[in-house]
Amino acid sequence: MFTWKALIVTALFSLTGCGVVVRTIDSGITKFTHSGLFHQGQYGELSEQELNWAKIAWKYFENNSHVETGLANSIDGYPSATMTSIADYLAALVAARQLDLIDKKEFDHRLSSLLHFLNRMPLFMGRLPNKIYDTKTGKMLDYKGKNQEIGWSAIDIGRLLIWLRIVSQQFPEFHEYVDKAILRWNFCDVIDQEGSLYTGTLVDKEISLHQEGRLGYEEYAAMGFRAWGFSPIKAESLNPLEVITIYGEDVYHDARDHRDDNVLSPIMTLPYSFMGMEFNWDRVDDMHSLDSKHTNTLLNQAAWQVYKVQELRYQNEKIYTARTEHILNSEPYFLYDSIFANGYAWNTISDTSKRYKNKALVSVKAAFSMHILWNTDYTYKLMLIIEELYDAKRGWFEGRYESSGGYEEAISSSTNATVLEALLYKQVGKLFRPNKELTHSEIRMDNVFKHPGKCFPALYKPKKETKMETTVTAKFD
Amino acid sequence: MSVNKLKILVTFAVLILFSACQSTNKSSNNPSYGEKIIEQSSPYFTKGEQPGRQGKLSEKEMNMAKVAWRYFENNFHPKTGLVNAVNNYPSTTLWDTASYLGGMVAVRELGIIDKRTFDTRFIPLLKTLNNMELYRNEVPNKVYHAKTAKKVDYTNKPGEIGYSALDIGRFLIWMKIIKERYGEYADAIDTALLRWNYCHVVNEHGVLYGAHGKKGKATTYVQEGRLGYEEYAAKGFALWGFNTERASKPEPYEIIKLFGHQIPYDSRDPRSLKAHNYVVAESYVLDGIELNWDLPLDRKSNNSTHTVPWMAEFAQRIYKVQEARYIHTGILTARTEHQLATSPYFVYDTIYTDGYAWNTITESGKYVPKYSAIALKGAIGMWGLWDTPYTDLLFDAVSDLYDENKGFYEGRFENGTGLINTFTANNNGIILETLLYKEQGKLLNFGQNRNSKWDNIVGSDFVGLNKCLPGKR
């Protein structure tokens, strides 16, 4: 170990001209290995304040988890969960354990009961997780809170797939139970031959399938499917793409027109932040590259644009901007608080495209993740206006109203999990770290006699097929 | 940190010795909003990139002029001198009257009608202008009954609804063109315009205002005009000496990139202000044909020099992006506002409006893509101003779309569902204007610098007060 350090120091001395100050060998090493040459954004041990921020966020999950089911609520005090919010909870759990907010015993207990649930939960038509579950009873719910199956969301499932994979990478002792939960599912309808993702909803007792996902979340969800060996080629492609210009900065936008297909395609921070914190904007199978290099170049560029226009809005208008989807305590309860949507920059709309321009927030989860990922003068300014937006007994609020400065005191698993993810990212870097350990599910998929069927990828297929896949993914290089 | 990773670190550390100071904080550049805008007052001249069509009309083109004129023969009301804006419907606006005058000047210049015919049509119109009731003693109402010259509402029933600064602006341009070309009408034209009160329609900062008012309700004044139309209409006021400082500026605008072209659009937000910020060919085409994208009182520069360079540049982009759409999508494109034969009767068929490229909307903002069309006035107008293979193709697409008894059709639907079976004064007038432009270039053709009645009254300290004439506010 010592020799390596010495080598680095040699390298360092020639760099001092650039303003790197070396006081002692040790602090020099720390500063150097933590610098932007090796990492994106912030890297290093958490400060006392940051640890306290993490504890506040974890408080949410302490308050909102249910022993009976192992689940956590998606909104403070509201007993329902989606696959996205289960992924939030997993992210929070991993962070809480790795930041040492909880001990091994508590982690083991919480994770085990959640995995138990995932292996026992009723599935929509026996195929895939339903969109919503009751966190008290573990039963499937519809949007009105009735016990009823309604369908699945490929985007929600995608995020859950990512976090289940991260859990099994970092806590390999649990991987078997993770794999078993997923092996229960049937993937035939959620991803097609060309690699598009589909949502299924129940219409007149039949499943109605629709392509799901627009630029941002579509690519993010695709990473989850890719992580489990699927080939979501169309979903992970940024196409179809158009470019819009805000303050002179080009930003990618989904070219599919919501006026034709009724699917909104707002540009928001969170999917890009997730892809940054979890994947470092790398290819999913990238095990080697430094965190300062982003092997999915296009995504990295798209994420940078999303950050940059928000900073530019601040520079040009002096309006603090950190935007993403959020919940709120008043009508309409959920908003796409976007950078661009339905033809307009800085459009804040509901899922019915109604405009709520006075309900735009400086979002806590957007600001936190931007600060950790980009670490600029602007993100410091953002942190100044959101760092007190919490109730120490309940967790972090959604954000601060752009139009008035007031708090939006709604509290969600999404915001609190994102805060924990961001702080964990600061301490450990990229969260999704693939390895070569053989897993239970791979053994199943690799053997024609043990294969689970249900449209799982067949790793035993002739080599030709796999070659094709690699050439396609190689495009991102 | 694992030893493995450190190995990579070291290799990397050695590598970066060569790449001196590298910052991960990408510093922000100044945002660019596309082409820098040159102050209109600056003595800057620009050469047009594309010469327009020039030369004698061919036999076919002369025949087109005769067909287009048919419209005005059919829809003329000898008593009022007015012409229906839409075939067989006795209602008109100042905008459509200006298009009619453009058509009539064209046929006179092209020798299709003689001076006597012009007189018999224009003198009753001057009479109407000097007699008609104005909107609340300010300027003409938005709509008049073509047969009776009475103020009407949009249902053509007697009443009043307010006025449009854009319509008035275009009308003022044509009053100026006729006054300069045919000095024999100058005094009657001046008298008609001296009846008007300009206090509200253009304010002290040179902003144009439209008015809304119903019976029993006070007038509300609303800033009128968005990028393209606003500057075009402002030139009408400026030609008569009014200060149009703010209206004549392109600002506020933003840029959207379409097929690599930087397309300017008005950045006043249609969601809060209701007015749509449509980008269409018509405003730029009219300004090009009538005023050569020149400063209003530019008497000297030739046709290949444009003394409002930004407008020439924007017009160029508006043309280019439509050509680019054809190249990239195969859809023949000549977009502008146009009429329809059925409800909703009128659409803004745009290059961009209300957030979307190639958006086609109704007055209320409803998205109606099936009504996108090649508008004849847009296609022919671009053919006149840009002599290119693409406009040749546009010409081939539309030059025979007429009913010889009625004039030119309004357009041809982009989705292949045929022609827009409607005939309008605006469409046929602009087609005629364009044909004249081919023979003569810029239509505003200044005559001798006489001291007219208008000039005398504007210059006098004792008459023409309280109407906010130029310099008398």
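Two strands are taken to pair if DSSP finds at least two bridges between them. Strands (E, at least two residues) and helices (H or I, at least four) are DSSP runs, numbered from the N terminus. The model is predicted: local features need pLDDT of at least 70, side-chain atom pairs count only at pLDDT 80 or more, and totals for chains, interfaces and linings use all residues. Residues are numbered from 1 along each chain as its sequence is written, chains are lettered from A in the order in which they are written, and side-chain values use heavy atoms, without hydrogens and water.

In chain A, β4(A) and β5(A) (residues 198-203) run antiparallel and are joined by two bridges. G151(A) lies opposite T201(A) of β5(A). These strands belong to an open three-stranded sheet of chain A, ordered β4-β5-β6 with antiparallel pairing. β4 (151-152) and β6 (206-211) of chain A are the edges; each has a single partner strand, so one side of each lacks a neighbour in the sheet.

Chain A holds 17 helices and 18 strands. Of its 477 residues, 58% are buried (under 20% relative accessible area, 1.4 Å probe, protein chains only).

In chain B, the axes of helices α12 (residues 376-385) and α14 (residues 425-440) come within 9 Å and cross at roughly 10 degrees. Axes are lines fitted to C-alpha atoms over the stretch in contact, with angles from 0 to 180 degrees between N-to-C directions. α12(B) is therefore roughly parallel to α14(B) (angles under 35 degrees). Contact (heavy atoms within 4.5 Å) involves residues including I380(B) and W383(B) of α12(B) and I430(B) and Y437(B) of α14(B).

How values were computed:
Parallel < 35°, antiparallel > 145°, perpendicular 65-115°, else oblique. Buried < 20%, exposed > 50% of the residue type's maximum accessible area, 1.4 Å probe, protein only.
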